[in-house]
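I opened my notebook today to look up a few things in a structure. Here is what I wanted to check.

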Amino acid sequence: MSVISSNLLSGHGFAVRSLRGYLRVLVGTAQGHRLLHHSSISCAKKQSFPEQEGKHLPYGKEGTGYYSLATKGCFDVISNASDLALTSLDAAIDAYKRRDDKQPFVIADYGTADSGTSMPLFTVLLNRLAERIGKDPVTIIYEDQTMNDFNSVFKRAHGIIPTPTSYKNDTPITPFTKKYDNVFVMASGSSFYNQISPEATVDFGFSATAMHWLSAAPCKIPDALHSACSKNGDALQRFEEQAFMDLKQILSHRARELKIGGQFLCINFAKDDDGQFLGHTHATPASMHSTFYELWCEMAREGLITNEEVANTNFPNQYRSLDEHRHVFQDPLLSSVKIETLETRVVPCPYRQSLLANEISVNDYAELYLPTTRTWSNSTFLSGLSDSRTEEEKAALVDEMFDRYAARVSKQPTDHGMDYVHAYLTFSKQ
């Protein structure tokens, strides 16, 4: 069963008024500066090597910190793991002290995006490190794919782009590089499908809302855009097989990178025991992924796109069950690590919570809510469209889909939201 954090169910103002204008500017800027890459979806039954290029591309103008500004719910998702993070960090510090090898304490953030959503938690972790290991050197490695917006990562690290304390509090976090003279920030543009650090060099690994992305979609989904919504047995089996191979590959690299006694915290999109998943929960009437599919099919019926393009639009990710996560650890490649905690937790959509609390108006809701659904999905819709179309035509068609989604949301605002359902996993290196 999912654990719902009660302290997240109220007070969802997230400084809407001060952010609204900036977000509107960035939405317009993003629409004029998209990264319009395109890649086809592989239909091979099994594919773990190599990772498909371009399957998930940043949306928004580089260097603006757009992702974190538009993805407020991730602040909650990560804050909701503070208890697990501090417990894991303390265990990693204990192992670090036992070794006493004069090496830096190394933190790795895998799939960091622009790094903004994890910075509030990392501030808490660095404070704990300062208490327990003093001025010992600490290295933070921010990892993401090669085309990630690393410009924003470093701007946030140095305070050029301010990172809010939380989505409810615009007070900027003091940048790590200014607060601590023993903290060193660097980045890796190698995919987490590869090893990004030498063996036995990481004390504490962290990843949030990233490792659900598969190396490639294993097949077309005949009745949905996302495997979580499909009823097709063959497609479900192929996605589950792909998800198993991919997670095994990802976590085996993390196991090699961890030092003995090192800890890893993974917050991974999931389908819980009640059948809830991202944008599809008991609390919110409309299912986000189902609505995407309805609108994309609607455009096909009107002749704006083809049925083949609908069929070619498949999200290359998997919302794994707890059993799917657990199953991976039975593989010999992961015999060196031990699961410490594994559970699902539900975090409500902060935009919808603010709407229900009358902190934002029904007229503003669609405009404020939609960017959080588009930062991660835009490239999937682009990738489904035919290569015979120009990049401008593809972009216009995806704009049309999201305009329709905005219109749908505006008709019944309180029915729509993107609640988060995650598996919260921690494991240790033995």
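**Before starting.** I noted that this is a predicted model.

How much space lies in the largest pocket? I found about 290 Å³. I then looked up its lining and got 13 residues, with Ser 227, Ala 228, Ser 230, Leu 236 and Lys 271 the closest to the centre. Sorting that lining by type gave me five nonpolar, four polar and four charged residues.

I picked Phe 105 and skipped its neighbours within four places in sequence; its contacts include Leu 89, Ile 93, Tyr 96, Leu 129, Pro 137 and Phe 204.

Where is Gln 195 found? I traced it to the loop between strand E6 (183-188) and strand E7 (202-208). Is Gln 195 buried, exposed or partly exposed? Its relative accessible area is 30%, so I wrote down partly exposed, as that falls between the 20% and 50% cut-offs.

Leaving out neighbours within four places in sequence, I listed His 253, Arg 254, Arg 256 and Glu 257 as contacts of Gln 195. Gln 195 and His 253 are 58 residues apart along the chain, yet their C-alpha atoms are separated by 5.1 Å. The side chain of Gln 195 makes a polar contact with the side chain of Arg 256 at 3.3 Å. A polar atom of the Gln 195 side chain also lies 2.9 Å from the backbone oxygen of Ser 197.

Key. Residues numbered from 1 in each chain as written. Predicted model: local features only at pLDDT ≥ 70, side-chain atom pairs only at ≥ 80, totals over all residues. Heavy atoms only, no water. 1 Å grid on protein atoms, 1.4 Å probe; cavity = no way out; pocket = protein on both sides within 12 Å on 5 of 7 lines; lining within 4 Å. Points joined across faces, edges and corners; volume = space filled by probe spheres on them. Nonpolar A, V, L, I, M, F, W, Y, C, P; charged D, E, K, R; others polar. Contact = heavy atoms within 4.5 Å. Helix = DSSP H or I, 4+ residues; strand = E, 2+ residues; numbered from the N terminus. Buried < 20%, exposed > 50% of the residue type's maximum accessible area, 1.4 Å probe, protein only. Polar contact = N/O pair within 3.5 Å; in protein donor to acceptor, adjacent residues only side chain to side chain.
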